[in-house]
Amino acid sequence: MLAKVESMAVNGIDGYLVLIEVDLGGGMPSFDIVGLPDMAVREARDRVRAAITNSKLEFHFHRITANMAPANIKKEGSGFDLPIAIGILAAKGDVKPDKLQEMVFVGELALDGSVRPVNGMLSMTLAARAANKKYLVFPIANLAEASVIPGIELIPVENLLQVCDFLNGIWTPGHEVFENLSINQVAVTTEAYDLADVKGQEQAKRALEIAAAGGHNLLMIGPPGSGKTMLARRLPGILPPLCQEESIEITKIYSISGLMSQGHSLIQQRPFRSPHHTTSPAGLIGGGRIPHPGEVSLAHHGVLFLDELPEFPREVLEVLRQPLEDGKVTIARAAMCLSFPARFMLTAAMNPCPCGFLGDPYKSCSCNPLQIHRYQSRISGPLLDRFDIQIEVPRLQEIDFDSTPTAETSAVIRSRVEIARRNQQQRFEGRSCFCNAQMGSKDLKEFCKMEPSGKELLRQAVQRYNLSARAYTRILKVARTIADLDGAVEIDLEHLGEAIQYRSLETKRG
Ligand SMILES: Nc1ncnc2c1ncn2[C@@H]1O[C@H](COP(=O)(O)OP(=O)(O)O)[C@@H](O)[C@H]1O
Ligand SMILES: [Mg+2]
């Protein structure tokens, strides 16, 4: 007695179909699952047996073999419980098999037969639709996520008996299930972090606006308590709103990582990730036996904030270089090679010295020159180079807090950023880059035309501060963004002058 049931799994961030064949034989009781299952899949045997008997259905107490194809990809997770159970019941003839090939099943089974949510529902729903399946049978707790994708009939289920009733044609989910959902879907984006909360710090805010407008990486240097963390936290709020495609990409990543809260369908806010400096390279970049996304992917289309940058071990920072260049990470394992998207804005904060008060007007620094040198040189030149904008964030005095007038809101700043970004979209139409920060050398030649006086200023700055060729191109890109915010076609002296100011660490070191 043989039955075939289709299910799904996720590889990287994309779902794919898995065919499960269940064969029932006679003889001594045994239950084997073959086709590269991992531990959680092998444990399905115990859950499936208990779920079927506790649902008052009849289990097959002889030989059971379940085979999963394609056999060359390692299967992980607990989402195969439901399709395996249905395979057994179909092979026994307890459910009607006639509509099975139009359906895909996914879901974990509890011992009492209820169906539990799975990770990666959005990716799997897309895969089911791409395979032209008519029905998707899945855990009701995943409904919000699955309902994002139109074009496939959703059958959200609570328990195994419901699935049997659906297959036998005596139950379908009622309208009320989907109607309740629409209330949940209006997840409003609340502006919890507004730049208007930050008093003063006009230079830092300006730098934040430029960084957002051109997609530039940003480094803030200043004493403790000067508001660096506060400023960084407000960066996602001045970036343009996400488009549908970006939302789906982010939601896929969060969904396979198990970070979607129940009832949430699509992530509509740009992510802000702030990993601690004790994070391992695998935690940052992604990893594991079957690779999972790391912080760089969780920050996709958003901001990755590294607070206390010099505290991060060098090998951890080194792994950032590939995603910063390519916008994705590739993780190679003996069994597979996977890649996850990781296009983020890197923002970092650091103190100027170990005690934190070097150059502070109100408190003297207690470090000696050697300590300061050691501290600052923990950040390698190549990494420092990758921050297009480096600014100092001074500490405000108590008086400044009361006297400063109310500042611009994030919404006002965002509207300027959006205009600048739209210009860039037109500029880079049909090319591989999306914003000024990603320009290659060809684009630089074409789009960064300077006035002669500007050229001369840049030449002098390179000479005086001994700037690297990389620093030179970084300044040009930032100047391009400043000119864009200004609505200017050509880069002029003022734009360049401001851009040179944003290389504060190098101009000091040099
Ligand atoms: N410019 C500012 N406007 C309003 N509050 C500020 C400002 N700067 C600092 N603060 C206050 O000081 C606290 C510490 O700021 P934080 O961002 O953690 O500093 P840092 O990260 O530089 O050490 C903030 O939570 C905020 O309450
Ligand atoms: Mg801080």
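## Exercises on a predicted model

Of the elements around ligand 1, helix α9 (residues 228–233) gives the most to the shell, with three residues. (Helices are DSSP runs of H or I with at least four residues, strands are runs of E with at least two, and both are numbered from the N terminus.)

Ground rules before you start: this is a predicted model, where local features need pLDDT of at least 70, side-chain atom pairs count only at pLDDT 80 or more, and totals for chains, interfaces and linings use all residues. Residues are numbered from 1 along each chain as its sequence is written, while chains are lettered from A and ligands numbered from 1 in the order in which they are written.

**Exercise 1. Describe the shell around ligand 1.**

Step 1: Count the neighbours. There are 14 residues around ligand 1, where near means a C-beta atom, placed from the backbone, within 6 Å.
Step 2: Pick out the closest, which are Lys199, Gly227, Lys228, Thr229 and Met230.
Step 3: Sort by class. You get five nonpolar, seven polar and two charged residues. (Ala, Val, Leu, Ile, Met, Phe, Trp, Tyr, Cys and Pro count as nonpolar, Asp, Glu, Lys and Arg as charged, and the others, Gly among them, as polar.)

**Exercise 2. Follow the pairing of β1, β2 and β4.**

Step 1: Start with strand β1 (residues 2–11) and strand β2 (residues 14–25), which pair in the antiparallel sense over ten bridges. (Pairing takes at least two DSSP bridges between the strands.)
Step 2: Look at the turn. Two residues separate β1 and β2 in this hairpin, and Gly12 in the turn has a positive phi of about 70 degrees.
Step 3: Move on to strand β4 (residues 63–69), which pairs with β2 in the antiparallel sense over seven bridges.

**Exercise 3. Which strands stand at the edges of the open sheet?**

Step 1: Write down the order of the five strands, β11-β14-β17-β10-β18, with parallel pairing.
Step 2: Read off the ends. β11 (272–273) and β18 (389–392) each have a single partner strand, so one side of each is left without a neighbour in the sheet.
Step 3: Zoom in on strand β14 (residues 303–306) and strand β17 (residues 345–350), which run parallel and are joined by four bridges. Phe305 has Thr347 in β17 as its bridge partner.

**Exercise 4. How do α20 and α22 cross?**

Step 1: Take the geometry. The axes of helix α20 (residues 452–465) and helix α22 (residues 493–501) come within 8 Å and cross at roughly 20 degrees. (Axes are lines fitted to C-alpha atoms, for helices over the stretch in contact, and angles run from 0 to 180 degrees between N-to-C directions.)
Step 2: Classify it. That angle makes α20 roughly parallel to α22. (Under 35 degrees is roughly parallel, over 145 roughly antiparallel, 65 to 115 roughly perpendicular and the rest oblique.)
Step 3: List the contact. α20 brings Ser453, Gly454, Leu457, Leu458 and Ala461, and α22 brings Leu493, Leu496, Gly497 and Ile500. (Contact means C-beta atoms, placed from the backbone, within 7 Å.)
Step 4: Sort these residues: six are nonpolar, three polar and none charged.

Technical notes: Two residues are in contact if their C-beta atoms, placed from the backbone, lie within 7 Å.
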